[in-house]
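Please consult the sequence and the structure shown below while reading.

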Amino acid sequence: MTSLRDLPLSDPGVPDARSGFRLLLWLEVRQWRGQVLAAAWGTLHMAAVASFPAAVGIAVQAVVDRSGARLGLAGALMLLLGLLTALGDTMLHRTAVTNWISAAARVQQLLAGKTVELGAVLTRRVAAGEVVAVSTGDVEKIGWFVEALARFTSALLATVGVAVALVFYQPALGVIVAASVPVLALAVLPLLPAATRRADLQREKAGKATELASDTVAGLRVLRGIGGEDLFLDRYRRASQQVRAAAVHSARMWALISAVQVLLPGLLLVAVAWYGAGLALDGRISVGELITVYGSVAFLMMPLRNFEEIAMAWSFSRPSANRAARVLSLRRGHEGAVPSAAEHGGVLREPAGELHDPLTGLRAAPGLLTAVVCGDPDAAGRLADRLGGHSPSGAGTEPSATLGGQPLDAMPLPAARKAVLVQDKDPVLLSGTLAELLAVPSSGRVEPGAALAAAQCGDVLDALVQSMVDPGDGAGPADPMGARITERGRSLSGGQRQRLALARSLVADPEVLVLDEPTSAVDAHTEARIARALGAVRTGRTTVVLTSSPLVLDCADRVVFVDDGAVAAAGDHHELLRTYPRYRAVVTRETDPQPGLVPAPAGAARPTATMEETA
């Protein structure tokens, strides 16, 4: 059994993510010891409570018969049953909560691992709102079902045991109870499909509202700039009201199910009391037997509540498990394509060499600064993902980028991450000190100070020092490395966040660095200095910059123009400006090519640039 002290788990396992049902089944199997233990404690608790009517019946009959010995025996029996009830209930609660938390924590660890594996590609394959819903509310519902199943097992055993015991104890009344139990247990089944549909609708609307809220918070600064806060507030208010209406609509059906679960056992209780009283008046059963049967029927309302709970838990956890399985089933590349050591002479080579994207035909020579201009801005982000070994559209649907001939998405994740680092166009800064931000796995070749200087972060450091509550003790200037950065760097401007993220990437000093629009929020003078410093600090390393900035393109060793999903031209920036009108239109933001410029004739060799020509 998993203990809470064991969390987080050293190995959460490999989930069966083919469907939500299979994921739930996998969780049950992984935690079978805890489930069996919870079911055992639950059975002890139910058995002790179910035996109370028998003890009370003995006590009542002892009073009727004026038997002090049997009355004392009944008292001792009730005391024992009370102790067993307390023990069973306490241990059941302990093990059930442990199972719940363990299952939820296991799924959260798996989701966190999947997030690390996919990186920024995750939110391109799955909506951000769904990711938030899966990692918060859904894991709780999945844990609820895992925990509730053990208690349902004990309730089922107790219900069957009481029904069978009553048949042997008092057949006249026991047969009525035994025949009624299946009806009581299955009476709500016709209502469950409607309840499930309403619950699914509620979760769907809640997911959309969460996604809308996430998008609004992420773009709050832009919304304030264009005065769109009220518009998005109205949209969220409408979405919130739709969630409320769906929740009320769903709650009505579950209230009806609860009413049925109370009404039918109540009618059975009335029928047993009425018929049993007649039997007692006729002398066919004793008063003690009537009390025992009546108390046992009253007890059945307790386990039948677990029947309702497991139905509700299944209804809520099934779509949650489906969503979790959908996220966990995502793969970063072609499954089963991991190269073996035998394919490389017995040793799996460290990835190095030319970076190649077969889909577009892009080739980035090792040790050079290659700038890539995309005619479609959205295509730049997809290209950056592929160069990092991630397929934006899913595993196996696109050819993988290669490094030195090795497919990146088939490499072990640590090796691919060590070889190629992709900085997204909207990098995330985690909260903490500047020193913690720059404390990333690195080669040690580039010191943080050099990286900050290359990224032109001087004014950023000054701003961080000014923001420090205790900038120093008066003995000297404060150390900006101790300054704290707020969550996602919200206290910084967009350009400042970009430069700190660039410095972090330069400190990491990977073999291949892919930068997606690293200077889009920086002023022209700062951008020019960054472009000149980037080549110097990355000397001997492969650097790919996706940009359309002339200042960066002018400093690149080689420029590649990608249009309509393929490499259209490659060469020197100024040469492409003179000879390729479409390139000039993208770089200079012209709507039409300049009249004096003529496209290169069909079949003509595309311009290229060697290291000597670039120099």
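Which residues does Val 460 touch, not counting residues up to four places away in sequence? In this predicted model, Val 460 touches Gln 496, Arg 499 and Leu 500.

- Helix H15, which covers residues 458-467, contains Val 460.
- Val 460 has 0% relative accessibility and therefore counts as buried.

**Helix H10**
- Helix H10 runs over residues 287-328, a total of 42 residues.
- At 1.5 Å a residue H10 should span 62 Å, and because its end C-alpha atoms are 60 Å apart, the two values agree.
- H10 has a kink of about 30° at Ser 317, shortly before the proline Pro 319.

**Nonpolar cores**
- The largest nonpolar core has 62 residues, of which Leu 111, Ile 142, Val 177, Val 297 and Phe 299 touch the most other members.
- Elements giving two or more residues to this core include helix H3 (68-118), helix H5 (128-169), helix H9 (229-281) and H10.
- H10 supplies the largest share of this core, 16 residues.
- Not counting residues up to four places away in sequence, Phe 299 touches Met 46, Val 49, Ala 50, Ala 158 and Val 162.
- Another core, of 48 residues, lies apart from the largest one, and its members include Leu 506, Phe 561, Leu 576 and Tyr 583.

Key. Residues are numbered from 1 along each chain as its sequence is written. This is a predicted model: local features need pLDDT of at least 70, side-chain atom pairs count only at pLDDT 80 or more; totals for chains, interfaces and linings use all residues. Side-chain values use heavy atoms; hydrogens and water are left out. Helices (H or I, at least four residues) and strands (E, at least two) are DSSP runs, numbered from the N terminus. The expected span of a helix is 1.5 Å times one less than its number of residues. The bend at a residue is the angle between axes fitted to the seven residues ending there and the seven starting there. Buried means under 20% relative accessible area, exposed over 50%, partly exposed in between (1.4 Å probe, protein chains only). Contact means heavy atoms within 4.5 Å. A nonpolar core is a set of buried Ala, Val, Leu, Ile, Met, Phe, Trp, Tyr and Cys residues joined through side-chain atoms within 4.5 Å.
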